[in-house]
Amino acid sequence: MACEGDDEMSALPDGSNSHDAVPRYHFDRHTADYRESFLDITHEMHRTCPIAWTDTYDGHWVAAGSAEVFELARCPHVSNDHDVNHERRGYKGISIPLLVDAENYRGGMLEMDDPEHRFYRTALNPYLSPAAVKRWEPFVDEIVRACIDDHIETGHIDFVDDVANVVPAVLTLAMLGVPLEKWTLYNEPAHALVYTPPDSPDAARVRELYMAMGVDLFTNLLEIREDPRPGIIDALARLRIDGESPPDIELIGMLNLLIGGGFDTTTALTAHALEWLSQHPEERTRLSRDRETLLNPATEEFLRFFTPAPGDARTVSEEVELGGTRLREGERLWLSWAMANRDPALFAEPDDVVLDRKGNRHFSFGLGVHRCIGSNVARTVFKSMLTAVLDRTPDYQCLAEGTVHYDSIGVIQGMRHLPATFSPRQRSGPGVAETVQRLQQVCDEQGLARPITEMKESARISD
Amino acid sequence: MRVEVDPSRCQGHTLCAMIAPDSFELDDVDGHARAVVGEVPGEHRDRVLEATQSCPEQAISVMAEQLAQARAAHGLRGGR
């Protein structure tokens with residue numbers, strides 16, 4: 001079958017004809033200078049080779065053009081499978097290169113194909129659909145308020161450490177059904193694992209933190225099996241595939257995927273947007289003033305422009321031809337959401353931030369059946385943090401000194417610190433520690449972590 | 001003008017309902033979209049067209065009313 005009947009790409013029978021001239025491009029997104037050279041690389045690939053073979057990391061295809069990424073992300077002959085036990089065709093999942101610790105370890109449903117992927121997705125949808133996430137808005141606004149209140153009287157805040165790290169962490173744990181006070185145990189490893197290179201002197205410590213987080217997740221899974229409490233962990237504990245409970249290692253992989261997806265990406269988006277708005281004060285004023293019409297398109301534009309998760313790997317599972325280039329079974333493939341998001345064929349002025357951009361069909365949540373299942377959470381959390389900052393610290397200035405971008409943006413285009421100053425104000429309520437306790441009570445009493453099929457009402461925060 | 005969401009292509013990105021909330025609704029459980037009414041009133045036309053262009057999966061199709069009727073008369077659905 002051709003990819004969705006599209007003429008541009010079709011599966012070929014085995015043993016078909018000779019080698020075509022293969023476009024080549026040296027591509028290594030893990031080098032320290034990749035962040036600086038991203039634009040040049042993107043422009044050159046769009047101009048000369050929207051899909052190309054690179055010899056880096058044992059060789060793989062790189063799809064940079066929007067049309068190529070669109071076709072391949074939705075192609076049934078392209079696989080996400082990570083076959084850790086060599087039971088199928090030995091495919092290596094969604095990371096290039098393979099993460100050191102991930103060799104024998106599958107990253108949840110993102111490293112599964114249908115139908116297996118579909119079982120997990122169906123179990124999780126009622127917790128993460130737009131209607132399900134909307135119920136959490138008062139909860140999100142309340143933890144955002146507390147984060148800012150901890151600093152609002154000082155006139156100084158780090159938007160990463162003090163806000164954008166905290167809110168996604170607390171909300172993700174609440175949705176999973178993990179006690180909220182544990183957020184600090186999860187917070188550091190979830191980010192540090194992404195930005196700490198394997199050869200860093202800090203790598204061993206980060207690994208230990210990550211292991212401690214894994215142990216806590218597993219403990220929660222065991223507890224919830226014995227004595228159920230609502231949340232996504234409960235959904236996974238109850239999941240049956242062909243009548244069988246999946247192995248625990250698959251459930252832990254799934255939970256790690258949700259932590260990885262839920263924590264670092266939204267932090268990255270928020271930090272970059274706040275930094276950009278600090279550098280463009282007129283745009284910040286305009287966004288704040290016209291937020292009723294501008295907040296939605298601006299959010300999509302920040303997603304497009306900053307692309308927190310810059311891409312995903314795949315494996316070609318059946319020979320396909322794409323615009324004259326032949327991809328063979330077993331070959332690895334990098335789908336660059338970040339480069340597709342800058343394609344002038346799809347976006348006018350692709351390297352500018354246009355807050356009211358129309359027709360913004362960006363790639364930042366991926367495409368096809370693996371579309372980011374947390375996209376509604378990401379948008380909700382981002383909008384709550386952004387509007388609170390605009391309302392409560394409207395004159396904030398980010399400080400270049402102390403701002404730290406990730407050294408390597410191969411996995412997440414993130415930031416470690418974003419300090420800012422602003423005119424101090426009076427606080428409006430308790431800080432994070434007390435608020436987390438109150439929110440735990442709210443979760444428990446109202447059963448907030450239940451799926452939308454069991455509960456339709458929004459969280460009620462006011463006492 | 002008629003509008004349709006192809007359920008086999010929609011993956012629940014939700015942009016259509018964000019752009020044209022009067023014309024698209026999202027499923028409570030999986031967030032996948034459907035057109036509220038097949039025929040788009042004139043005042044919603046521009047937003048529906050923008051939603052169509054914004055769909056990351058290119059799952060939305062619009063067509064002129066006469067064309068839709070002609071296709072239906074020949075037993076055909078949809079169209080892009």
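The model is predicted, so local features need pLDDT of at least 70 and side-chain atom pairs count only at pLDDT 80 or more, while totals for chains, interfaces and linings use all residues. Residues are numbered from 1 along each chain as its sequence is written, chains are lettered from A in the order in which they are written, and side-chain values use heavy atoms, with hydrogens and water left out.

**Strand 9 of chain A**

- Helices (H or I, at least four residues) and strands (E, at least two) are DSSP runs, numbered from the N terminus.
- Strand 9 of chain A spans residues 332–336, and five of its five residues are buried, so the strand is largely enclosed by the rest of the structure.
- Buried means under 20% relative accessible area (1.4 Å probe, protein chains only).
- Strand 3 (residues 60–63) of chain A pairs with strand 9 in the parallel sense over three bridges; two strands pair if DSSP finds at least two bridges between them.
- Strand 6 (residues 311–316) of chain A runs antiparallel to strand 9, with five bridges joining them.
- L335(A) is the bridge partner of A63(A) and also of D312(A).

**Nonpolar cores**

- A nonpolar core is a set of buried Ala, Val, Leu, Ile, Met, Phe, Trp, Tyr and Cys residues joined through side-chain atoms within 4.5 Å.
- The largest core has 97 residues, and those that touch the most other members are L124(A), W136(A), F139(A), F159(A), L176(A) and F302(A).
- Helix 11 (residues 248–279) of chain A gives the most to this core, with 13 residues.
- A second, separate core has 22 residues, including F27(A), M45(A), C49(A) and V62(A).

**Contact between chain A and chain B**

- The contact (heavy atoms within 4.5 Å) takes 26 residues from chain A and 19 residues from chain B.
- The two chains bury about 1,900 Å² between them, 51% of it on carbon and sulfur atoms; buried area is the accessible area (1.4 Å probe) that two parts lose on being put together, summed over both.
- There are two salt bridges between chain B and chain A, where a salt bridge is a side-chain nitrogen of Lys or Arg within 4 Å of a carboxyl oxygen of Asp or Glu.
- R74(A) and E57(B) meet through their side chains in a salt bridge (2.7 Å, N to O).
- Helix 1 (15–19) and helix 2 (45–54) of chain B each supply at least two residues of the side that touches chain A.
- Helix 2 of chain B gives the largest share of that side, three residues.

Notes: Buried means under 20% relative accessible area, exposed over 50%, partly exposed in between (1.4 Å probe, protein chains only).
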